[in-house]
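I set out to read this structure through its helix packing and its pockets. My entries follow in the order in which I looked things up.

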Amino acid sequence: SWWAEDDRYRSPLLLLVLAAALVYIVCRLLLEWILNLAARRSPAPSEMETHLSVDVFITACREPIDLVREALAAATAMRGAKRVWLLDDGGDPALAELASQLGSGYLARKQHQNAKAGNINAALPHTEGDVIAIFDIDHAPKPDFLEKSLGYFRDPKAGFVQVMLTFRNIDESWVARSATESSLEFYNPTYLGADRMGGATLMGSNALIRRTALASIGGY
């Protein structure tokens with residue numbers, strides 16, 4: 001192998017690089033096992049929190065209109081009281097018309113700083129839901145999404161709820177299968193272990209955030 005050549009074993013720099021790589025691999029394996037052993041799934045809520053109002057944000061910026069239509073249609077089809085908003089950072093009149101056709105609100109800002117985060121923050125003053133549900137434009141929630149996730153906000157300490165991402169095109173290619181399998185590992189033992197140890201992560205889509213929690217940190 002490349003490392004087996006004698007002169008490379010005598011290079012202090014290459015030996016240091018090899019040692020650092022080995023330490024990193026061992027530490028990562030140990031930490032992943034700690035998270036896996038700590039993983040516990042929280043009991044699912046028996047029913048959704050019906051007193052909470054929900055704004056659903058779908059962020060878009062010059063994506064194909066068919067992709068936007070699918071995401072918007074899926075969001076509006078979710079069961080439960082909510083208001084769906086298309087946050088269009090491209091200012092496309094066709095998307096404004098599409099939102100109107102599907103019964104969704106439409107918001108477009110004039111300034112475009114801070115990308116997706118800025119897009120969400122610009123929409124907050126124009127909405128008033130207790131909870132903000134956020135979806136990227138290539139995500140299509142199932143009709144029971146709110147029914148299965150809102151109940152976790154019964155805990156007054158819950159600032160956000162992150163829902164696992166899934167892929168419907170797992171058999172399309174090895175890339176799709178790899179993405180699916182890595183997500184299954186991350187959102188199950190790794191994420192659940194991190195949640196139990198107080199280190200849960202908001203991934204930015206398929207997520208719900210309590211508005212007061214968002215306001216307490218100055219926005220998204």
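I began with the pair H3 and H4, where Ile65, Val68, Arg69 and Leu72 in H3 meet Ala94, Leu95, Leu98 and Ala99 in H4; contact means heavy atoms within 4.5 Å. I sorted the residues of this contact into 7 nonpolar, no polar and 1 charged. Here Ala, Val, Leu, Ile, Met, Phe, Trp, Tyr, Cys and Pro count as nonpolar, Asp, Glu, Lys and Arg as charged, and the others, Gly among them, as polar.

I note that the model is predicted: local features need pLDDT of at least 70, side-chain atom pairs count only at pLDDT 80 or more, and totals for chains, interfaces and linings use all residues. Residues are numbered from 1 along each chain as its sequence is written, and side-chain values use heavy atoms, with hydrogens and water left out. Helices (H or I, at least four residues) and strands (E, at least two) are DSSP runs numbered from the N terminus.

I then looked up the geometry of H3 and H4 (residues 93-101): their axes lie 11 Å apart, at an angle of about 25°. Axes are lines fitted to C-alpha atoms, for helices over the stretch in contact, and angles run from 0 to 180 degrees between N-to-C directions. That makes H3 roughly parallel to H4, the term for angles under 35 degrees.

Next I turned to H2 (residues 12-38) and H7, whose axes come within 7 Å and cross at roughly 80°. The two helices, H2 and H7, are therefore roughly perpendicular to each other (65 to 115 degrees). H2 contributes Leu35, Asn36, Leu37 and Ala38 to the contact, and H7 contributes Glu185, Pro189, Thr190, Gly193, Ala194 and Arg196. I recorded 5 nonpolar, 3 polar and 2 charged residues in the contact of H2 with H7.

I also checked Ala115, which lies in H5 (residues 115-123). Leaving aside neighbours within four places in sequence, Ala115 is in contact with Asp89 and Arg109. Ala115 and Asp89 are 26 residues apart in sequence, yet 8.3 Å apart in space, C-alpha to C-alpha.

Which residues lie nearest the centre of the largest pocket? I found Phe145, Gln162, Val163, Met164 and Asn206 there, among 38 lining residues. A pocket is an open set of points on a 1 Å grid over the protein atoms alone, where a 1.4 Å probe fits, with protein on both sides within 12 Å along at least five of seven lines; lining residues have an atom within 4 Å of a point. H7 gives the largest share of this lining, 5 residues.

Conventions:
Angles under 35 degrees count as roughly parallel, over 145 as roughly antiparallel, 65 to 115 as roughly perpendicular and the rest as oblique.
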